[in-house]
Amino acid sequence: MSETSGERPILLFQTDKVSEPQKTMTQDSVTIGRGEDCDVVVAERQVSRQHIRVFKDQEDWFIADLDSRNGTWLNGHKLMGEQKLYDGDEINLAQTINIQFLGSGATAPNTFDAPEFIGSSRAPQSEGRLRLDPDARRVFIGDKEIDPPLSPPQYRLLELLYGNMGSICTREAVIEAVWPDVIGEGVSEQAIDALVRRLRDRIAEVDPEWHYIVTMRGHGFRLQNG
């Protein structure tokens, strides 16, 4: 039985530099890149003219890097050759463009513009769904506040990621920001991962439909703010 369009996977582009914000895979092969001949055109210089291909082989979906100049990452691992895709996989092009693969039957998360802070003497650092009020150490997603407030370590981690929006924060940077009085060797990988997991859980209490904190395996963590 052939798939209907509603049962086809979706590529969700978490950037405004694309010709369409989401692509339902009604075709069995889609090329993505900077070139005008691609099925999805990405207006980003770091992306190659033909960067990746997402295609169907029998009942499964795969991704292949098309010898791109600046590389492709799948769930934080640099893509070599072809890899099978699974629901929720995170694709990154040239460490600049994030794409989420939503499996057959998935529904793309809603997007919306978060309002400006009201009553804060300091302007938010960037546009996006998630906002910080640095003076009051409050966190908002849209018009909803994370309540009860984040713990001090959780807030310091989020503040680090928020202040370096779009950049990768290394584990060393996390230790320095969250545990400044602790020698690096005194903070385990497990402690960092547990803190990231707790922060993700707290954010998901307010907005479970967007993956804000991305683990770039072998590199660190990055905040994608929708």
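What is the mean pLDDT of the protein, and what share of its residues reach 70 or more?

**View 1. Confidence across the predicted model.** The mean pLDDT of the protein is 82, with 84% of its residues at 70 or more. Two stretches deserve a careful eye. Residues 1-6 have pLDDT below 50, and beyond near neighbours in sequence this stretch has seven contacts in the model. Residues 106-126 also have pLDDT below 50, with 44 contacts in the model beyond near neighbours in sequence.

**View 2. A positive surface patch.** Here we meet four arginines: Arg34, Arg45, Arg49 and Arg69 form the patch.

**View 3. A salt bridge between Arg171 and Glu189.** The closest N and O atoms of this pair are 3.1 Å apart. Arg171 belongs to helix H2 (residues 171-178) and Glu189 to helix H3 (residues 189-206), so the bridge links distant parts of the chain, 18 residues apart. A search of the whole structure finds eight salt bridges.

**View 4. The cis peptide bond joining Asp147 and Pro148.** Take a look at the backbone here: omega is about 5 degrees. Pro148 sits in the loop that runs between strand S14 (144-145) and helix H1 (152-163).

**View 5. Asn75 and its positive phi.** Although Asn75 is not a glycine, its phi is positive, at about 50 degrees. You will find Asn75 in the loop between strand S7 (72-74) and strand S8 (77-78).

Note on methods: Residues numbered from 1 in each chain as written. Predicted model: local features only at pLDDT ≥ 70, side-chain atom pairs only at ≥ 80, totals over all residues. Heavy atoms only, no water. Patch = residues over 30% accessible without salt bridge, like charges linked within 9 Å, V, L, I, M, F, W, Y side chains within 5 Å. Areas by Shrake-Rupley, 256 points an atom, 1.4 Å probe, with all protein chains shown as cover. Salt bridge = Lys/Arg side-chain N within 4 Å of Asp/Glu carboxyl O. Lys, Arg positive; Asp, Glu negative; His and termini not counted. Charge placed at Lys NZ, Arg CZ, Asp CG, Glu CD. pLDDT = per-residue confidence, 0-100. Contact = heavy atoms within 4.5 Å. Helix = DSSP H or I, 4+ residues; strand = E, 2+ residues; numbered from the N terminus.
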